There are 2 protein chains.
Amino acid sequence: MKRSAADERVLGAAAEIGRRIGSGKVIDDPDLLVPYGADESGLPASLPAAAIRAVDAADVAATLAVAADRGVPVTPRGRGTGKSGGAIPARGGIVLLTERMDRIVEIDREERLAIVEPGIVLQTFQEAVEAEGLFYPPDPASLDSCALGGNVAENAGGPRAFKYGVTREYVLGLDVALMGGATTFAGRRTRKGVAGYDVVAALVGSEGTLGVFTRVVVRLRVRPAATQTLLATFGDEVAAGEAVRDLLGSGLVPSVIEILDRHCLEVIRRAGHNPIPGEPGAALLVELDGRRPERVEADAEEAGEILGRRATEVLVASEPGRRRSLWAARRELSTLLGKAHAGKLSDDVAVPCKSIPAVLRRFAELGRRRGVLVSCYGHAGDGNLHANVLWDDPGLDVAGRAALDDLLGVVLEVGGTISGEHGIGMAKREALRREQSPELLALQRRLKSAFDPSGLLNPGKVIPE
Amino acid sequence: MKRSAADERVLGAAAEIGRRIGSGKVIDDPDLLVPYGADESGLPASLPAAAIRAVDAADVAATLAVAADRGVPVTPRGRGTGKSGGAIPARGGIVLLTERMDRIVEIDREERLAIVEPGIVLQTFQEAVEAEGLFYPPDPASLDSCALGGNVAENAGGPRAFKYGVTREYVLGLDVALMGGATTFAGRRTRKGVAGYDVVAALVGSEGTLGVFTRVVVRLRVRPAATQTLLATFGDEVAAGEAVRDLLGSGLVPSVIEILDRHCLEVIRRAGHNPIPGEPGAALLVELDGRRPERVEADAEEAGEILGRRATEVLVASEPGRRRSLWAARRELSTLLGKAHAGKLSDDVAVPCKSIPAVLRRFAELGRRRGVLVSCYGHAGDGNLHANVLWDDPGLDVAGRAALDDLLGVVLEVGGTISGEHGIGMAKREALRREQSPELLALQRRLKSAFDPSGLLNPGKVIPE
């Protein structure tokens, strides 16, 4: 295979990095690079010419120094579970792997904070923290395989974000390396602090385009002692959406309010899971947690009464086995929907909570108009819906794409956003123009240049050109 | 009085702005400009040559367009209650007044959000929101006179930040005008969202140096139905600090944990307020709130027991009159301390909570070494201490300044930050070099340029040159 001049340049840079940090950390065998060309977005792969397997901050800095010097693009990669193409090396170059940087440097139990490296798997970190009686709430569906650094880069959310907030609420400070190799600590170790601009907030959710994290300081909570899980079933999605409004208006703060529509429930049933009885038109999965079991029970009872006004059935699912099977089914939904249909385009939007019933109705209508199915699940308490456009006839590919377009139109019309938690990446870069003003896009291009004047860090992402 | 060439340029710009937005909005009478030269930082005043009284976003944009065009500095001003010099026009020029932009555009009760103009007084806004059964938690001591826009610019906190977070946690979106006159909406109206970089987070706490807000979208909470207030007195500050650690370790989440040291209590007593019995060595003011009065009572009882292990006395102060007098005394403390001493330098630091007892001990020692008194009060649950260096003999001015320096050294040594909530402004600009790396400062200078390439928006603030 003949290599392009650009690839030769990348390989030259990789060799130089190898001389600085050890050649065993350089991967340049094309076969071994295949896994680093794609992520979980379903977007077409784009192969890097080399990958660097960093084991510490010095490796990261050396990679960014040499790459900047030689004009080579670098795409940082946690564990590749992102849904918007953030880890795909859109312009080739070098993929910078951080998964070997997976140590817990410190858990400070009394201060309720931890310092961790970015490559650690979220669940591994959560279990370590819980063993200390503490709690790190963000819980994207990929929690057993995603990297904490990737969560920070994407500002990951998950069901519990309704009560506990997203990753941004937990990151106090970061060790970061910039393109060119400069390194610094940004942020703080204290709960509060306003010294200088909020550089940490700019980095959280920047999708690997502004800097590469080498350590993360996160704050922790005291682990809730008790959890109650309710499953409520409804005649249709609109009734479920109305029940969400009732619940939100009550002042109760469940940890989780997940919605699943009729089609999602059917797909779960067909997959042989059967945690949900009957053939309901929609379901809500509601969890309440807290420090005192008797209060959590009383809250669950109150929530059950509220849901019961519109539900066909409300079940308490506090038995751990049942809880696990409910969550397993919920977390697998994206995969199950993909397997069940020839065509699937999925979207991650957020809308005002009060608009959920109307939005679900309009999604269903626009699907019917285009001859495809729109099926939703998601974090109803936050108005964060994972909407899936589904079809079985390959001839409907164009209609599917058009339906996705219509869907974003509905979201923007009700004052929503095109990405609730998955990020923009490559997947929604052009769509960002529909939500944000040219002035805001121009400002963000300048912001990108402030961190990365070369434009070589994860190019082709987030802000359209 | 002969005017400088620079002042003539400012007046020319002001006249041009007047032609565009109405000359009645231009203030150029030097006598009328005096109030706009200072804020509550105690720093020396610096007079502007003109002020513009904006009534809408178009006025703000026109001011920033003309000023950029003519090379005239602009310092935005809410209600001038800041403690770090953010509103002082350090380089003269134009002060841009936003206090007339004080409308509540919308309170969306069901969605629990509000859209407001920046000039509204915080308390006015809070009362309007509470009338709808909702709650906007940030509560800086100046709440009856500060502007919400100023709170956003400074990322204001206050006692309730311990449970409810600071202003940053509430701002979802902003209409912002940039130097040069470009305007855009940044952020969102939904609870969640990750579309593009977090421009809102960069603007919140940017101390009027990155942009001027013309509307703010804030999220609201459901108003807690019940509050319990406890006052615990201690033999000394260290015992109070230990009690804070006990309370934090219990998993209880009070809304407020305020600490007051011996000298603060004495100053309150001498001022004729007497909400605190005896002559204790320190006190904690603890509040608990929630939706269910019986639970809040039970929590208060539990907190009382925990405090009681180290306290000389624990009083329940739920009677509204007593609660009000306690809070009035607490909020007046900064003023009372200033009146009680010839010399006062105050500082706003945050330290790890577990370090509070050691930090208080070391502050007292360093004061003794310098022959001055260090007296602290603040938001102990967040480790956010307002430390005051006090002296009565004018000959001790140099020692007082040296003590303040020592104090920051202690804070940085234990992993703290030089500003917990008051911001950097002019007051701590040079001190920022002690906390942040040259690389981080350089990055922040580039960040400033991304928003304000001219460097004319509130120059001389935040990041040292």
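A word on conventions. This is a predicted model, in which local features need pLDDT of at least 70 and side-chain atom pairs count only at pLDDT 80 or more, while totals for chains, interfaces and linings use all residues. Residues are numbered from 1 along each chain as its sequence is written, chains are lettered from A and ligands numbered from 1 in the order in which they are written, and side-chain values use heavy atoms, with hydrogens and water left out.

Let us begin with domain 1 and domain 4 of chain A. In contact, meaning heavy atoms within 4.5 Å, are 17 residues of domain 1 and 10 residues of domain 4. These two domains of chain A bury about 1,000 Å² between them, 62% of it on carbon and sulfur atoms; buried area is the accessible area (1.4 Å probe) that two parts lose on being put together, summed over both.

How many salt bridges cross the interface of domain 1 and domain 4 of chain A? The rule, a side-chain nitrogen of Lys or Arg within 4 Å of a carboxyl oxygen of Asp or Glu, finds zero.

I turn now to the two chains.

Between the chains, 81 residues of chain B are in contact with 82 residues of chain A. The buried area here is about 6,600 Å², and carbon and sulfur atoms give 54% of it. On the chain B side, Lys192(B), Val194(B) and Tyr197(B) lose the most area to chain A, together 15% of what that side buries.

And how many salt bridges are counted between chain B and chain A? The count is 18. Arg295(B), for instance, forms a salt bridge with Asp299(A), and their closest N and O atoms are 2.9 Å apart.

Finally, leaving aside neighbours within four places in sequence, Phe363(A) has contacts that include Val349(A), Cys376(A) and Leu407(A).
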